[in-house]
Amino acid sequence: MSYIAVSAPGKCILFGEHAVVYGQPAVAVALDQRITVKIQVSQTGTWLLDGNRLNMNRNPHICALIEKLWPAEMGAPPLSIHIESSIPRSSGLGSSAALSVAFAGALRLARGRWITKHGSIEKRHWAEGFGSHITTTNPYDSSHGFCVDLPIGELFHVSGAMAVDDDENAILAHGVEAAAQNGRASPIDSSTCSHGEIVVISDIIESELTHFYERKLTTPEGNIIWQIHGVELSDQPDEVYLVIGNTGINAPTGKQVAKVARLIKQHPEKIEVIETIGKIARRGIKALMRGDFDAVGRTMSENQLMLKSIGMSSPELDALIKAATPSSLGAKLTGAGGGGCMVALTRNPQQTCDAIELAGGRTLISKLGSHGFNIETSEISTIWMKT
Ligand code: MEV
């Protein structure tokens with residue numbers, strides 16, 4: 001029976017977590033660790049997740065994407081979903097964003113896309129979908145995403161890789177992340193898991209980077225606008241690695257993000273820390289562009305001091321960071337903090353791993369950047385399309 005398999009990488013934030021929620025710059029890299037999502041028509045007539053009945057309440061990301069891309073009321077059949085992942089869950093490495101990106105892409109592949117011009121994949125010819133350029137559909141609510149009001153008879157259908165789009169996967173993942181984080185979510189996780197490699201978010205369009213698109217979100221703190229970019233490093237940094245140290249403590253992102261919002265509400269002067277993190281991230285971006293990894297590492301350690309000062313670190317994270325520091329260029333928590341993971345930039349990955357493990361952490365090694373969303377099946381046949 002035909003199935004569709006896709007994958008997306010986890011992510012690790014080098015600079016700017018939490019501050020990016022308030023529109024400050026940030027940098028994240030896609031990790032070697034990935035999630036693979038496989039879908040096929042369910043033989044039992046009900047939604048299945050890894051062989052068991054899918055519990056929609058326990059899987060809000062999956063549920064929200066089904067609502068947007070796979071409407072049962074239009075005849076889309078229940079699917080069987082199978083997930084395999086080497087990204088630890090709830091630990092700051094983007095497991096939910098990677099899942100959302102992969103599942104959004106799998107559903108798009110499964111239905112293909114209606115377009116207004118034969119053979120075109122240009123976004124201006126999309127008859128349906130979500131993307132930063134579309135203002136007629138809202139990826140942040142539960143709409144189905146038809147953007148052109150034309151009878152199906154006047155449209156053309158594309159399938160396979162031609163139907164999938166990184167911006168669409170990322171914006172849909174951002175929508176479900178925002179819902180899970182009470183409306184406060186930056187696009188850093190979703191865009192990095194979709195595009196891969198290194199993603200820079202800024203409050204301005206950075207002329208020396210590749211500008212992908214703009215994202216806007218109305219958060220409880222106001223309207224935030226982010227400019228999303230990709231980075232091409234001049235030299236592939238073969239000699240530096242990321243070592244991730246996992247405390248094994250789950251720390252839900254939504255709670256940590258809400259904690260920062262409360263802190264700023266109670267102590268408005270703390271917004272200065274957020275702005276300082278933005279300035280540090282900006283220095284980090286410059287160091288990265290120069291390929292000056294010693295400076296990148298120092299900047300990461302500076303970022304950690306700021307995150308600690310707003311209560312985002314934890315004794316367990318501090319212990320792993322301290323253990324990693326002597327053998328690395330810099331180390332900090334990564335993601336929401338409070339538990340989860342730290343990251344060290346190092347030229348001695350094995351030595352840094354050994355030190356972190358001695359201090360009680362579990363470790364992973366990754367290159368600095370990996371490929372984004374990927375189709376893993378060679379033959380794709382459309383499972384369902386809106387008619
Ligand atoms: C979580 O990976 C990063 C945070 O900045 C939240 C967000 O950007 O949405 C803590």
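Predicted model: local features only at pLDDT ≥ 70, side-chain atom pairs only at ≥ 80, totals over all residues.
On the H2 side, the contact is made by Ser 96, Ala 97, Ser 100, Val 101, Ala 104, Gly 105 and Arg 108, while H3 contributes Glu 168, Asn 169, Leu 172, Ala 173, Val 176 and Glu 177. Divided by class, the contact of H2 with H3 comprises six nonpolar, four polar and three charged residues.

Both H2 and H3 also take part in the lining of the largest pocket, whose volume is about 1000 Å³. This pocket is lined by 45 residues, and those lying nearest its centre are His 61, Ser 90, Ser 95, Ser 96 and Glu 177. Of these, Ser 96 of H2 and Glu 177 of H3 also belong to the contact between the two helices. The elements that give two or more residues to the lining are strand S1 (4-15), helix H1 (60-69), strand S5 (79-85), H2, H3, helix H4 (188-195) and helix H5 (253-266). By class, the lining of the largest pocket holds 19 nonpolar, 19 polar and seven charged residues.

A further helix pair is formed by H6 (residues 271-290) and H7 (residues 293-309), which pack at an angle of about 165° with their axes 8 Å apart. H6 and H7 are therefore roughly antiparallel to each other, and their crossing is left-handed. From H6, the contact draws on Val 273, Thr 276, Ile 277, Ile 280, Arg 283, Gly 284, Ala 287, Leu 288 and Arg 290, and from H7 on Phe 293, Ala 295, Val 296, Thr 299, Glu 302, Asn 303, Met 306, Leu 307 and Ser 309. The residues of the contact of H6 with H7 are divided into ten nonpolar, five polar and three charged.

Helix H8 (residues 315-324) and helix H9 (residues 349-358) likewise pack with their axes 8 Å apart, here at an angle of about 145°, and their crossing is right-handed. In this pair, Leu 320, Ala 323 and Ala 324 of H8 meet Thr 352, Ala 355 and Ile 356 of H9. The contact of H8 with H9 has five nonpolar residues and one polar residue, with no charged residue.

Notes:
Residues numbered from 1 in each chain as written. Heavy atoms only, no water. Contact = heavy atoms within 4.5 Å. Helix = DSSP H or I, 4+ residues; strand = E, 2+ residues; numbered from the N terminus. Nonpolar A, V, L, I, M, F, W, Y, C, P; charged D, E, K, R; others polar. 1 Å grid on protein atoms, 1.4 Å probe; cavity = no way out; pocket = protein on both sides within 12 Å on 5 of 7 lines; lining within 4 Å. Points joined across faces, edges and corners; volume = space filled by probe spheres on them. Axes fitted to C-alpha atoms, helices over the stretch in contact; angles between N-to-C directions. Left-handed = near helix turned anticlockwise from the far one by under 90°. Parallel < 35°, antiparallel > 145°, perpendicular 65-115°, else oblique.
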